[in-house]
Each structure stands twice: as C-alpha cells, then as structure tokens.
Amino acid sequence: MSELKRTGLQLRAATARDCAPLAQLAASAHSHPWSEAQYQQSLSAGHHCWVLLDSDKVIACCVVSRLFDEAEILDIAVSPERRRQGLAGALLKAVSAELPAEVERLLLEVRVSNRPARALYHKWGFSEDGIRKNYYPAGKGAREDAVLMSLALDDSQS
C-alpha cells in the first residue's frame, strides 16, 4: 500500500454508497460493465471490494471473492484517463497485501483480446493456465474466450 500512499491516493473498502460510482467507472472502463445492482449484490455476497480514490473520486476498483486458500479477482477497473500510470499494478499489489495470509493463490479471467491487461498480469507474475471457451459476451451476440490466469502468493508478493 505504500506505493499508493506516495501517490496521494486512498485505498479503502467499498460500501453500498460506492455502488453508483463503481457502475460509472465500469461503464467507462469495460465493454460489458457491471451495473450498480451487480456491485451491490457482490458486496451483499461478502466479496471484498476495494476502491481507489483521488480526492474522493473513484478512479479504480478491485472486487475479490475468497474461498479457502484461493482468491479470485472478479472485477478490476481503472478509469480510462488514469491508465498507463501504474495504478493497476499498484492496486493489485495493495489488494494482495490485504488478503489473509492463508490465501495461497490469486485467480482471474481476462478476455483473450485484452492484450494490455494480459501483459500487466504477466509482468506481475501471473501464468496462463487455460482457456474458458465463449465465456464473455461480445458484440452482436457473439462470445469471446477467457484466459484463465493464476498467481502463487508467497511472502515476497505481499
């Protein structure tokens, strides 16, 4: 989290009042964004959601579901005007540091076509474990494959 503190940004747990700004962020960042209701349902389901704030404006988020010794990133978004500033990597590092010590592996899915995100995850140490066929909705009723990725967490990652 120290990287984020140096930037003057604030990372905190999301609350129900963050769901509308989260949906706005998602609409600007994703082709098939989560709705306000989906963020609310995620929080109600007990998922951990972090928001990254700049002067009280949500500029990035990460939603994580935990099951036993694994955690899965369900959603990660960075405001388009704040991309390519290292925020996604800093957010991943901060969120991993917030995970309980017993979490040994971090999982995620990413669109095959999302080359910038895949490059970031590779740089951060994630490996590609497989393909989930036709996982994501795409334009005109088509579907897009997801790349399954994982990162083994150890003391050096946090």
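Predicted model: local features only at pLDDT ≥ 70, side-chain atom pairs only at ≥ 80, totals over all residues.
Local features need pLDDT of at least 70 and side-chain atom pairs count only at pLDDT 80 or more, while totals for chains, interfaces and linings use all residues. Residues are numbered from 1 along each chain as its sequence is written, and side-chain values use heavy atoms, with hydrogens and water left out.

**View 1. The largest pocket.** The largest pocket holds about 1200 Å³ of space (a pocket is an open set of points on a 1 Å grid over the protein atoms alone, where a 1.4 Å probe fits, with protein on both sides within 12 Å along at least five of seven lines; the volume is the space filled by probe spheres set on the points). It is lined by 37 residues, of which His30, Ile76, Asn114, Ala117 and Tyr121 are the closest to its centre (lining residues have an atom within 4 Å of a point). Strand 4 (70-78), helix 4 (87-98), strand 5 (105-111), helix 5 (115-124) and strand 6 (127-137) each give two or more residues to the lining (helices, H or I of at least four residues, and strands, E of at least two, are DSSP runs numbered from the N terminus). Helix 5 provides the largest share, seven residues.

**View 2. Helix 4 against helix 5.** The two axes come within 10 Å and cross at roughly 50 degrees (axes are lines fitted to C-alpha atoms over the stretch in contact, with angles from 0 to 180 degrees between N-to-C directions). Helix 4 and helix 5 are therefore oblique to each other (angles under 35 degrees count as roughly parallel, over 145 as roughly antiparallel, 65 to 115 as roughly perpendicular and the rest as oblique). Ala88, Gly89, Leu92, Lys93 and Ser96 in helix 4 contact Leu120, Tyr121 and Trp124 in helix 5 (heavy atoms within 4.5 Å).

**View 3. Helix 2 against helix 3.** The axes of helix 2 (residues 19-29) and helix 3 (residues 36-44) cross at roughly 125 degrees and come within 8 Å. These helices are therefore oblique to each other. Cys19, Ala20, Leu22, Ala23 and Ala26 in helix 2 meet Glu36, Tyr39, Gln40 and Leu43 in helix 3.
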